[in-house]
Amino acid sequence: MSNPTSSTAVSSQYADTIARLSTSEADFNHRLDTLLDWEGVSDKAVQARVEEILASVKQRGDAAVIEATNRFDRLSVSGMDELQLTPAQLKRAFDNLPTEQREALSSAAERIKRYHERQKPNSWQYEEADGTVLGQKVTPLDRAGIYVPGGKAAYPSSVLMNAIPAHVAGVREIVMVVPTPDGVLNELVLAAAHLAGVDYVFTIGGAQAIAALAYGTESIPRVDKIVGPGNIYVATAKRAVFGQVGIDMIAGPSEIMVVSDGLTDPDWLAMDLFSQAEHDEDAQAILVSWDAQHLDAVEAAIERLLPSLEREGIVRESLRRRGALILCQDAQEAIVMINRIAPEHLELSVSAPEVWLDDIRHAGAIFMGRYTAEALGDYCAGPNHVLPTSGTARFSSPLGVYDFQKRSSIIHCSAEGASELGKIASVLARGESLTAHARSAEYRILD
């Protein structure tokens, strides 16, 4: 690792494109907190609208779903049969893909499946000396609901990342919802649903789709857990139905944090930042380095390459709102910042990235070395791309097989074991003044 290049606040000819921060600035902590500030669920007006939609779907079922879908997706359907895709339609979409796309989708699916197969937990038991058996039973969910975003972009990769772990976990039925504004179907999304073995696909989105999955309707089966990211209405609805069903997380905008030692091609790093900024205007892209000249070079690359992007407007707005190039003192300070930010995606574009791992406590996914672009993880590396955002990597993990399973404790006492445990339980229960507990345990104590 190179020595830090000392610098005070860095002036920039590109100040309007992306912010420049330095840890040596007196107001750095305040500026960083402001940059990171994000409330994943909406204001009262959006919450009120979502609550109205949820109540309507709960009371009126299919009719409310159709009404909301016609309104928000600009459709004119009259029955749920027009909003459900058949297995034959999904297969036809897969079969009709160009060979290159079909092979890429299949290769990605196989890699995702192979990775998640290694996550499968096992049931276990052990027997104590007195014959008491204790253990854990792992059981898959009966039915999972998958929300796949539509609108600004289509995400066949999200279909694979959500459905394949559910299949590996042993989920019996998978119900997918995907909005199709103006009735536009994305063939890659349908093909991915076929490849991933999705059982039901409904072309609905927004809060009405979350409500349908959580409560069930005449046509849409109620699920046990809802996974997958969506817009502010989807996030608000997921939070509202939690408890009625399980959810994976409240997903915020996409994020990337890149740490560079100054030796990676600036064009590579600029494009890595763009790869997340192009998701939407609220996405966040941050680069940290202790080499000021390197940050200058990356900033110049950003300005030069921006006009070449198809989604230039979105990227430019994302960088202006929430992007930053940050000068720190050294690698140790960079690690402190990683754990403070707890990024969704972390690129360690440094020599010997493996030596950093023990010190990194909070990150959704860690991309090691100069050649490991975050985009590879989005599509085909194998690990899941559904990751904790907005600092929640401090207490959350990537979506995985374990999210589609639950664990039951197993307790099987022998007569001798029940007698010994009963003596302990009796003392503790009476200490809590729960005498029925105590007497229940005492009945099993041997004379």
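Arginine 321 counts as partly exposed, at 42% relative accessibility (buried means under 20% relative accessible area, exposed over 50%, and partly exposed in between, with a 1.4 Å probe and protein chains only). This is a predicted model, in which local features need pLDDT of at least 70 and side-chain atom pairs count only at pLDDT 80 or more, while totals for chains, interfaces and linings use all residues. Residues are numbered from 1 along each chain as its sequence is written, and side-chain values use heavy atoms, with hydrogens and water left out.

**Salt bridges**

The side chain of arginine 321 meets that of glutamate 317 in a salt bridge, at 3.0 Å from N to O. A salt bridge here is a side-chain nitrogen of Lys or Arg within 4 Å of a carboxyl oxygen of Asp or Glu. Both residues lie in helix H12, four residues apart, about one turn of the helix. Helices (H or I, at least four residues) and strands (E, at least two) are DSSP runs, numbered from the N terminus. Glutamate 317 is partly exposed because its relative accessibility is 21%.

The structure holds 22 salt bridges. Three of them are tabulated here.

| Pair | Closest N to O distance |
|---|---|
| Arginine 49 and glutamate 52 | 2.9 Å |
| Lysine 225 and aspartate 403 | 3.7 Å |

Arginine 49 and glutamate 52 both belong to helix H2 (residues 44–60), where they are three residues apart, about one turn of the helix. Glutamate 52 has a relative accessibility of 48% and therefore counts as partly exposed.

Lysine 225 and aspartate 403 form a salt bridge whose closest N and O atoms are 3.7 Å apart. This pair links distant parts of the chain, 178 residues apart: lysine 225 is in strand S8 (residues 225–227), and aspartate 403 is in the loop between helix H14 (374–379) and strand S15 (405–412). Both lysine 225 and aspartate 403 are buried.

**Arginine 322**

Arginine 322 is found in helix H12, which spans residues 312–322. Arginine 322 is buried yet has no salt bridge, and the nearest side chain of opposite charge, glutamate 255, is 5.6 Å away. For charge, Lys and Arg count as positive and Asp and Glu as negative, with His and the chain ends not counted. The arginine 322 side chain does reach the backbone oxygen of aspartate 282, at 2.8 Å. Leaving out residues up to four places away in sequence, arginine 322 touches a set of residues including Leu35, Trp38, Pro253, Asp282 and Ile286. Contact means heavy atoms within 4.5 Å.

**Aromatic pairs**

Rings of Phe, Tyr and Trp (its six-membered ring) pair if their centres lie within 6.5 Å; planes under 30 degrees apart count as stacked, over 60 as edge-to-face and the rest as tilted. The count by this rule is four aromatic pairs. One of them is the stacked pair of tryptophan 124 and tyrosine 126, with 6.3 Å centre to centre and 10° between the planes. Tryptophan 124 is partly exposed at 42% relative accessibility, and tyrosine 126 is partly exposed at 43%.

Tryptophan 290 and tryptophan 356 also form a stacked pair, with 6.2 Å centre to centre and 20° between the planes. Tryptophan 290 lies in the loop between strand S11 (284–289) and helix H11 (292–305), and tryptophan 356 in the loop between strand S13 (345–349) and strand S14 (365–368), so the pair ties together parts that are 66 residues apart in sequence. Tryptophan 290 is buried at 0% relative accessibility, and tryptophan 356 is buried at 1%.

**Positive phi in loops**

Arginine 74 is not a glycine but has a positive phi of about 60°; arginine 74 sits in the loop between helix H3 (62–72) and strand S2 (84–85). Aspartate 182, likewise not a glycine, has a positive phi of about 60°. Aspartate 182 is placed in the loop between strand S6 (173–177) and helix H7 (187–195), and is partly exposed with a relative accessible area of 47%.

**Overall layout**

The protein's secondary structure comes to 16 helices and 15 strands. Its domain assignment gives domain 1 (19–38 + 252–381), domain 2 (42–249) and domain 3 (413–443), the bounds coming from an automatic or database domain assignment. Domain 1 and domain 3 have C-alpha centres 57 Å apart. Along the principal axes, the C-alpha atoms fill a box of roughly 85 × 60 × 45 Å. Of the 447 residues in the protein, 50% are buried.

Notes. Polar contact = N/O pair within 3.5 Å; in protein donor to acceptor, adjacent residues only side chain to side chain.
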